[in-house]
Structure formats: structure tokens, C-alpha cells
Amino acid sequence: PMGIFEVSEANRKVRTLEIKGYDYMLHFERNFNGLETIGTAFDFVNLCCTACKVEMAQDQAYYEALPNGGVTLSVYTENDIETCRDVLFYVAQVLGGFFIINREGKLELRKYGKDPVMKVEQRHRFSSSFSDFITRYTAVSSTNLKTQIAEYYALNPDNGLTMNLGVNPLLQFGLKETREMLFRNILADLSVIRYVPFDSDTIGNPALDSGDVLTFAGGQADEGQITCITSIRQKIGGKQTLKCVGKNPRLAQAKSRNDKN
């Protein structure tokens, strides 16, 4: 019920067999050679899934109904795409979401949500710590390789974090108006993020997945705020460690050297 995994290592000990396994996302670590590819987001995902023999969880109609799903994209020749997984990373950016391998072993696009799936009461957790800020995005920026200019699109007021999309090879072509439409759609998807970063050991619910939105109640938790799972560690028969990572918008003005690069 936790998913489908492939064993990559099996170490034989005296009394036990220690196995290490990965889900099917590892299948996408293979060379991508469709550098002249043109198509919609679905076409790119379908191409990768067919080449890497992984099923898709959603159909073509689902992808085409997304804000940027019906736009024709093409790969810019100067790019850093090496594997099919890189392609999925860039496609997920365009669609304002992220990819996971679901419990059935299929590739699923997940969007950032704001509807909680569960409330975690104080009696359900052993420990918890919550940040005093809310991670939220009010701008996106991306570098246009042709002009070597970073294009910046923001909401009003622009007082949150900026999602730096870097140099996305799928967002290089097209008229300035088309590019702006693509970025505005991505920003609309990102602007639903209003997550409080947290760290908590709970009694555990094996049904939870990355990207699920939660609310916490009791103790030092603010019931009016939502949070999102970005990391899960599940110990079978033991505690479940949940995390939500995020940056402080108040520190967004002070860029680290890493951010500048």
C-alpha cells in the first residue's frame, strides 16, 4: 500500500536481508535525445513515459485543461537537458506543479493546493515546531537566453518571495505576449501557496503523500493557517516525521550568493 519499489541493492547479513529500493522516478534517469521536439506539455510527458516505460496517471484531456496545457512548446537548442527527468522538471514548472510517482507506480502531476486533507490535533503528535512566517510567492522571474535579460512578473502588491525559474528551455520561444501569458499562469498557480513551514513527529497516517495540505490544532499551532508536506519519513509501526520547508518572505530582499548565481 505504500507504493511500488524496485530493489537496487540487497545486502545479506547473518540474520537479515537489508534492501534498498526506489520508485519508478529512477526510470527517467536516461538520456533525452528529442532536442528538436515540438508539442504540448502532454506530448513531452508522453514521450518521456513511453521511452522510460512508466504509465501516466492522468490523460491528455487533463493536461490540456490546465492553464498552460494547450500551448505548443519547443526545446531551445542551448539547454542543459540531459535526462528525461530534466524534461519532466521543466514541464512541471510550465504547468505550475510537480511530478511524483503515485502508489500505483504511475507518473502523476500534482498542483499546489489550499484545501486541507486532514487536521493534526495536539494528541496526535509527539513534537512539533512551527515557523513564525508564511511562505508565499508574489512573483516569478526567468532568464531569456536570446536577450540575456531576466524577465520579472509580479502581483500587486509584490511583497512575497520570487520563484526563480532560471533558464527554462521550454519558455524561450514565442512572442513576448505569449511568454508573459505563460508566466502569469504559472504565477497564478504559485500564488495559492500560503504555507507555514513546520517540523513534526506524529503518530502517523500512511495515506498522506507529498504535497498534501494539512492544518494543525492545539498547542502552539495556529488553526487558521495551512501547511503542506514536502518531506515524509514513515517508520512502519513507529512514528511518522512530516516536514514543510519554506523561505521567509521578509528575508527575500537579502539574496545569498547562491541565489544571485
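Q: Which residues is Phe-99 in contact with, leaving aside its neighbours within four places in sequence?
A: In this predicted model, Phe-99 touches Met-25, Val-45, Tyr-63, Leu-88, Val-91, Ala-92, Leu-107, Glu-108 and Leu-109.

Q: What makes Phe-99 part of a nonpolar core, and which residues have the most contacts inside it?
A: Membership calls for a buried nonpolar residue joined to others through side-chain atoms within 4.5 Å. The largest such core has 56 residues, and Phe-99 is listed with Phe-28, Val-45, Tyr-63, Val-91 and Leu-107 as having the most contacts inside it. The elements giving two or more residues to this core include helix H3 (84–94), strand E5 (97–101) and strand E6 (107–111).

Q: Why is Lys-53 called exposed?
A: Exposed means over 50% relative accessible area. Lys-53 has 69% relative accessibility, so it counts as exposed. Lys-53 lies in the loop between helix H1 (41–52) and helix H2 (60–64), and has a positive phi of about 55 degrees although it is not a glycine.

Q: How do you know that Ile-236 is exposed?
A: The cut-off is again over 50%; Ile-236 has a relative accessible area of 69%, so it is exposed. Ile-236 sits in the loop between strand E16 (231–234) and strand E17 (240–244).

Q: Which residues form a nonpolar patch on the surface with Ile-236?
A: Met-2 and Phe-5 do, and together the three have about 330 Å² of accessible area.

Q: What joins Asn-156 and Pro-157?
A: A cis peptide bond, with omega about 5 degrees. Pro-157 belongs to the loop between strand E10 (149–154) and strand E11 (161–164).

Terms used: Residues numbered from 1 in each chain as written. Predicted model: local features only at pLDDT ≥ 70, side-chain atom pairs only at ≥ 80, totals over all residues. Heavy atoms only, no water. Helix = DSSP H or I, 4+ residues; strand = E, 2+ residues; numbered from the N terminus. Buried < 20%, exposed > 50% of the residue type's maximum accessible area, 1.4 Å probe, protein only. Patch = residues over 30% accessible without salt bridge, like charges linked within 9 Å, V, L, I, M, F, W, Y side chains within 5 Å. Areas by Shrake-Rupley, 256 points an atom, 1.4 Å probe, with all protein chains shown as cover. Salt bridge = Lys/Arg side-chain N within 4 Å of Asp/Glu carboxyl O. Contact = heavy atoms within 4.5 Å.
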